[in-house]
Amino acid sequence: MADRLYDLIFICMPTTPEEEVAKIVGTLEQTASEHGGKVEKVEKWGTRKMAYRVAKQREGLYVYLALHSTEGNLIKELERRLKVTDAVIKYMTVRLDEEIKRQQKLVAHREHRARRRPRKAAGPGAGPAPAAASGAGPAPAPAAEQAPAS
Amino acid sequence: MSEQQSIPRPSGPSGPREGRPSGPGGGGPPRRGKRQYFRKKKVCRFCVEKVDFIDYKKVEMLQPFVQERGKILPRRMTGTCSKHQRWLGVAIKRARNIALLPFATEL
């Protein structure tokens, strides 16, 4: 099945000890591997102020995970676990692969256009226009144009 | 109605007068008549920096597009292009969900 990329952020009570957080992350990683997923990255943002009160707390311990999954059920299971865990006061999962795909497409499109444009300008113009555009002077401009061609 | 009154408009959020009925988005052409002020043409900040993905985790990047009370600033004030405003809206809403940005600032 399609490999999907998710962001999973959860917030713990600010009073949660380090080991507790490590334990939660550990169980999540284990669950992920059991369901054909993989936790790529774990970031502990530490205690930071929340924009609004959650569970009567103004601060929270943020933990961020980036994970791959081939199975939608994994997310369901992870969220169930987070819901059951007392120390976790808020969590959110975002599916990101489609946006990243779109981003890559845009980058590719831009590179394609950037590659096409100088050749187009050099073709009919063949004179002052590209030289003036490069600005740095006549000497470096042709060298730069020749480099990708060779 | 009285166009003249609405011209020396303070910058920043200031109530219902902000809703200009028409005109091209952002810094339109200066109105005819007395040239009392000069409006700079606004450009989309994300287009200038060639941003392809607005990350909801970067709060400091989203903050300038949110009012103090937590509202998303309209395009006509920030000059963001429609594509990036759409992405920005999604990013801000995600950030709100995980308490990185407020839905509304409590008093």
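Colleague: Let's start with Lys56(A): buried or exposed?

Modeller: Lys56(A) counts as exposed, because its relative accessibility is 74%. The cut-off for exposed is over 50%. One caution before we go on: this is a predicted model.

Colleague: Where along chain A is Lys56(A)?

Modeller: Lys56(A) is in the loop between β2 (37-54) and β3 (57-69) of chain A.

Colleague: Let's step back to the whole chain. How many helices and strands does chain A have?

Modeller: Chain A has 5 helices and 4 strands. Read from the N terminus, the order is β-α-β-β-α-β-α-α-α.

Colleague: What percentage of the residues in chain A is buried?

Modeller: Chain A has 150 residues, and 30% of them are buried. The cut-off for buried is under 20% relative accessible area.

Colleague: Now opposite charges. How should I read a salt bridge?

Modeller: Begin with the general idea. Side chains of opposite charge can pair when their charged atoms come close. Here the cut-off is 4 Å, from a side-chain nitrogen of Lys or Arg to a carboxyl oxygen of Asp or Glu.

Colleague: How many salt bridges does that rule give over all chains?

Modeller: The count is 10 salt bridges over all chains. Lys38(A) and Glu40(A) meet through their side chains, at 3.9 Å from N to O. Lys38(A) counts as exposed, because its relative accessibility is 51%. Glu40(A) has a relative accessible area of 43%, so Glu40(A) is partly exposed.

Colleague: What is the second case?

Modeller: Lys41(A) and Glu43(A) form a salt bridge, at 3.8 Å from N to O. Lys41(A) is partly exposed, because its relative accessibility is 42%. Glu43(A) is partly exposed too, at 30% relative accessibility.

Colleague: Which residue of chain A meets Asp52(B) in a salt bridge?

Modeller: Arg110(A) does, with 3.1 Å between N and O. This pair crosses between chains. Asp52(B) is in the loop between α2 (45-48) and α3 (59-62) of chain B. Arg110(A) is in helix α3 of chain A, residues 97-122.

Colleague: Why is Asp52(B) called buried?

Modeller: Because its relative accessible area is 9%. Arg110(A) has a relative accessible area of 31%, so Arg110(A) is partly exposed. There is also a network: salt bridges that share partners join Asp7(A), Asp55(B) and Lys57(B).

Colleague: Next, cysteines. What is a disulfide?

Modeller: A disulfide is a covalent bond between the sulfur atoms of two cysteines. The cut-off here is 2.5 Å between the sulfur atoms.

Colleague: How many disulfides does the rule give over all chains?

Modeller: The count comes to 0. Cys47(B) shows how to check: its nearest cysteine sulfur belongs to Cys81(B), 3.6 Å away, and Cys47(B) is in no disulfide. Cys47(B) is partly exposed, because its relative accessible area is 39%. Cys12(A) has a relative accessible area of 0%, so Cys12(A) is buried.

Colleague: Where is Ala99(B) in chain B?

Modeller: Ala99(B) is in the segment after α5 (82-97). Ala99(B) counts as buried, because its relative accessibility is 0%.

Colleague: One last feature. How far apart are the C-alpha atoms of Gly70(B) and Phe103(B)?

Modeller: They are separated by 5.7 Å, while the two residues are 33 residues apart along the chain. Gly70(B) lies in the loop between α3 and α4 (75-78) of chain B. At 1% relative accessibility, Gly70(B) counts as buried.

Technical notes: Residues are numbered from 1 along each chain as its sequence is written. Chains are lettered from A and ligands numbered from 1 in the order in which they are written. This is a predicted model: local features need pLDDT of at least 70, side-chain atom pairs count only at pLDDT 80 or more; totals for chains, interfaces and linings use all residues. Side-chain values use heavy atoms; hydrogens and water are left out. Helices (H or I, at least four residues) and strands (E, at least two) are DSSP runs, numbered from the N terminus. Buried means under 20% relative accessible area, exposed over 50%, partly exposed in between (1.4 Å probe, protein chains only).
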